[in-house]
Amino acid sequence: MPSVGKVNGTQFGVFVNNTLIAFSTSCSINISQETMNVTTANTGDWNSRTVSRRDWEISCSALMSFDSSVTNKKFFEMYSDYISAQSIVTIKFKTNVSGDKFFTGDAILTELSLDAPNEETATFSASFVAAGPLFVNTN
């Protein structure tokens, strides 16, 4: 049964090739549309536009871990599997609740950063950009 009411952000995760990114603390998806100016003499003093291209990107932040018992994707695995290998991956932005809708598509990992402040938990962030269309599916 799909989620009802307000959805808690902790229910969402970013999955890369069906593997959850480990220890995620936040995630976001941005979907955009570009427009093209199609103004003519007939439109008078007003611009007229139409949709030209669409784009999307997904990003997440997570706690850093070297724990080998965790099977989810971690920082160094993401580097070797997706940046060093220049891979296109299938990414999902979703909950694990049966019946909930989710976004999925092919993407490229474009940015991977590690932040290790003094006396605080180290974190990393990852950004993926579209390598094709974005689809909506249901768990």
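In which segment is N139 found? In this predicted model, N139 is found in the segment after β7. With a relative accessibility of 26%, this residue counts as partly exposed. In sequence, N139 and M1 are separated by 138 residues, whereas in space their C-alpha atoms are 9.7 Å apart. Neighbours up to four places away in sequence being set aside, N139 touches K94, T95, N96, V97, S98, G99, D100 and F102. The side chains of N139 and K94 are joined by a polar contact of 3.2 Å.

Apart from neighbours within four places in sequence, K94 is in contact with Q11, F12, G13, F15, F102 and N139.

A further residue examined was T104, which lies in strand β6. T104 counts as buried because its relative accessibility is 9%, and buried means under 20%. The side chain of T104 reaches the backbone oxygen of I91 at a distance of 3.0 Å. When residues up to four places away in sequence are not counted, T104 touches T90, I91, K92, P133, L134, F135 and N137.

The strands are arranged in an open sheet of 7 strands with antiparallel pairing, in the order β2-β1-β5-β6-β7-β4-β3. At the edges are β2 (19-20) and β3 (24-37), each of which pairs on one side only. Strands β3 and β4 run antiparallel and are joined by 12 bridges. N37 has R49, a residue of β4, as its bridge partner.

The largest nonpolar core contains 20 residues, of which V14, I21, M78, F124 and F128 touch the most other members. Two or more residues are given to this core by each of β1 (13-16), β4 (49-63), α1 (75-83), β5, β6 (101-115) and β7 (123-138). The largest share, 4 residues, comes from β4.

Definitions and conventions: Residues numbered from 1 in each chain as written. Predicted model: local features only at pLDDT ≥ 70, side-chain atom pairs only at ≥ 80, totals over all residues. Heavy atoms only, no water. Contact = heavy atoms within 4.5 Å. Core = buried A, V, L, I, M, F, W, Y, C linked by side-chain atoms within 4.5 Å. Buried < 20%, exposed > 50% of the residue type's maximum accessible area, 1.4 Å probe, protein only. Pairing = 2+ DSSP bridges. Polar contact = N/O pair within 3.5 Å; in protein donor to acceptor, adjacent residues only side chain to side chain.
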